[in-house]
There are 2 protein chains.
Amino acid sequence: MTLSREACEALDRADPLADRRALFDLPEGVIYLDGNSLGALPRAVKARLDAAVTVEWGRDLIKSWNTAGWIDLPARVGAKIAPLIGAGADEVIAADSTSVNLFKLAAGALKLRPGRRVIVTEPGNFPTDLYILQGLRDFLPDVELRVVAPADLPSALDEDVALLLLTHVHYKSGAVHDMAALTAKAHAAGALTLWDLSHSAGALEVNLAGCGADLAVGCGYKYLNGGPGAPAFLFVSRRLQAEFQTPLSGWMGHAAPFAFSDDYRPAPGVLRTLCGTPSVLGLTALEAALEAFSGVDLCDLRAKSMKLGDLFLELMERRRLPFGLACPRASAQRGSQVSLTHPNGYAIVQALIARGVIGDFRAPDVLRFGFAPLYVRYVDVWDAVEHLAAVMVREEWREPRFNEVAAVT
Amino acid sequence: MTLSREACEALDRADPLADRRALFDLPEGVIYLDGNSLGALPRAVKARLDAAVTVEWGRDLIKSWNTAGWIDLPARVGAKIAPLIGAGADEVIAADSTSVNLFKLAAGALKLRPGRRVIVTEPGNFPTDLYILQGLRDFLPDVELRVVAPADLPSALDEDVALLLLTHVHYKSGAVHDMAALTAKAHAAGALTLWDLSHSAGALEVNLAGCGADLAVGCGYKYLNGGPGAPAFLFVSRRLQAEFQTPLSGWMGHAAPFAFSDDYRPAPGVLRTLCGTPSVLGLTALEAALEAFSGVDLCDLRAKSMKLGDLFLELMERRRLPFGLACPRASAQRGSQVSLTHPNGYAIVQALIARGVIGDFRAPDVLRFGFAPLYVRYVDVWDAVEHLAAVMVREEWREPRFNEVAAVT
């Protein structure tokens, strides 16, 4: 592996994704390694959103449901996400939040497996996945949550299990589950799978069809760069769509929403998972953002994602920086991030931010650095580790201002 | 009532809300009478959204959750809606869609009334209200929907009823329910009320506190002008908040979302009804839009809304235009719209649109004209009826192009 800044520059020159960075509006003097939390701004968004506000909303008003195709946005954006996750264009829609979509699909899975009332997941899963399951359990009769460590997942899958819900790439550790193997195990037990792709879509080669996956959700504002609180997406395998029922049977999922009939009749296919009127502005921004993926080879995307992480860890190790490793060392088992541990992790992240290197901190002691392959360069990784070394060698993190805990991030 | 265009101009000059129209970016040559479906574009939105995209997202990135107050948006926008609906600032949040919020509150109401499993509503209610209740019934045990005509509502409220769900202003007829009387009747039966304010908020003097209302939802993109698919709002009365449980227990409704703990613990107050990450762009547009209501007296708003409707109907009647009346004639019983019937309603609406008068059509035969008091003038009503008369006298609606049914609206 390369070990000079010049060699990193050479890698950038040879990068098949090098031209993508110019599609983003990145702030000067910032090395942004937090695209796993909020993706950077694609340049195409502003003009597209301006047109949606000024022309579609302001000038054409209600007509735009037809003339600007607002009504088709959830399916159109879903079809653009589909190739990034190995799904068919008719299996994905974009709407609502990841949490709401988790509820729809987990509840729907229970209906698809009558008689089975157990949902299996792992402790430490992204909180909203766990919280949504707890809400389901508290409202539906006899639902049992079986929260088991990854090693115990196979043995937890028995004939009572309706659903296995896992996040493909763990938000904190970056560890990647073997989607194909776990899906096969779930199917062998007669259970369905629901994969949360929030930390995989747009950075990894996700292959839902190849894994025989049943259901999936994911986030629009992380590697997909759809903007803060962007609509999320969901996937329902073609083979399940005709039977699928959502508890959130809102009018946009009706077979004929503008017939205004009193009785709910689900739309054909994945469209039945729509609920209320979707955020047109949010979907417009997300659709424009997805243009940055147009023509991208997912193999290139994943190869760069792994190389960026490997480079970061190798540079860290050469400098013997005093961090624990909270992510897998092997790139194939790691998402597009590295996770380190340090008792002063919070202050170290703040000191790095003061130097223009944006990562983030997750309690109690984890520093996360995400590598969005479309806009993070090899030289950025080099420079980030230089800054991290400086923060540690000079003990900058001891400054009191870096130790004041802010409300969020 | 005035009966000349000059008299209408005089009414506009005397209108205490006359200055508000300049806050909207209305297209030239258009009389927009469809603000009850999609509110017009407030001028403040574009600059505010530009700043959110360019500065908050593009430049400040993840920091904006703190520095731009993204995390507070649902409560901040809710607090701005509160005075329009007679609620406390701590009783309203803006997030998700009306449909999703209906589900949260209807399911939560069943929890608040253990042992009662009946939800009462009326036939012909806005479809999503009915569809969401049907979804609840199909997923929760033993839920019964009692769908009864308005006249039979009081007798339908018995000791099995957990919830009465009604739309305050009927989307099609514009008829206004007596919120105070029906809430009192529901309470006398031990039931809760859930009011859908989608066609009232921003046009009527809604007084949730004064009516002793329990729960409410409403739309952000009709009279509140938040833009297509804007986030909706919901209200939970202060006295119910501590007990309130939502099935959609996502991470944004957690007491400490950024603690990333495995166990859901609801936030205090109405914040517990938040679910996933809300649409920051959608909330930003809605917040900017609500500035148009700043300092508006709801009495003025409602008085103008009634007078605009009365003027429309009186001018219609004077000209003996051949329409049936699908809305109440008495303005106090009518929302901020008039609804007419005609067997060729669809083509007539299309012919009016060709003349720049935007109303809408609802199957099978209803023409709707909405009067958003912030930007519709008395002269607009005069001119709209002139156009309608011309369409009828010249039989413009017979043109084949006006009889081709489009996919939506």
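**Before you start**

The model is predicted, and local features here need pLDDT of at least 70, side-chain atom pairs count only at pLDDT 80 or more, and totals for chains, interfaces and linings use all residues. Residues are numbered from 1 along each chain as its sequence is written, while chains are lettered from A and ligands numbered from 1 in the order in which they are written.

**Stop 1: the two chains together**

**Stop 2: where the chains meet**

Now select the interface. Chain B brings 77 residues to the contact and chain A brings 77 residues; two residues are in contact if their C-beta atoms, placed from the backbone, lie within 7 Å. Which elements of chain B each supply at least two residues to the side that touches chain A? They are helix 2 (44–59), helix 3 (64–67), helix 5, helix 6 (127–139), helix 11 and strand 12 (360–362) of chain B. Helices (H or I, at least four residues) and strands (E, at least two) are DSSP runs, numbered from the N terminus. Helix 6 of chain B gives the most to this side, with ten residues.

Color this side of chain B by class and you get 44 nonpolar, 24 polar and nine charged residues. Here Ala, Val, Leu, Ile, Met, Phe, Trp, Tyr, Cys and Pro count as nonpolar, Asp, Glu, Lys and Arg as charged, and the others, Gly among them, as polar. The copies meet through the same surface, because 100% of the interface residues of chain B are also interface residues in chain A.

**Stop 3: helix 11 against helix 11**

Select residues 280–290 in both chains. Helix 11 of chain A packs on helix 11 of chain B at an angle of about 135°, and their axes are 8 Å apart. Axes are lines fitted to C-alpha atoms, for helices over the stretch in contact, and angles run from 0 to 180 degrees between N-to-C directions. That makes helix 11 of chain A oblique to helix 11 of chain B (angles under 35 degrees count as roughly parallel, over 145 as roughly antiparallel, 65 to 115 as roughly perpendicular and the rest as oblique). Show side chains for A:Leu281, A:Gly282 and A:Ala285, then for B:Leu281, B:Gly282 and B:Ala285; these residues make the contact. By class, the contact has four nonpolar, two polar and no charged residues.

**Stop 4: the seven-stranded sheet of chain B**

Hide chain A for now. Chain B has an open sheet of seven strands in the order 2-8-7-6-5-3-4, with mixed pairing; two strands pair if DSSP finds at least two bridges between them. Its edge strands are strand 2 (92–94) and strand 4 (144–147) of chain B. From one strand to the next, the twist averages 20°.

Zoom in on strand 3 (residues 118–121) of chain B, which runs parallel to strand 4 of chain B and is joined to it by four bridges. B:Thr121 has B:Val147 in strand 4 of chain B as its bridge partner.

**Stop 5: the four-stranded sheet of chain A**

Bring chain A back. Four of its strands form an open, antiparallel sheet in the order 9-10-13-12. Strand 9 and strand 10 (residues 337–341) of chain A pair over two bridges, and A:Gly324 stands opposite A:Thr341 in strand 10.

**Stop 6: two backbone details**

A:Pro364 sits in the loop between strand 12 and strand 13 (366–370) of chain A. Chain B also has a cis peptide bond, joining B:Ala363 and B:Pro364, with omega about 5°.

Finish at A:Leu61, which is not a glycine but has a positive phi of about 50°. A:Leu61 lies in the loop between helix 2 (44–59) and helix 3 (64–67) of chain A.
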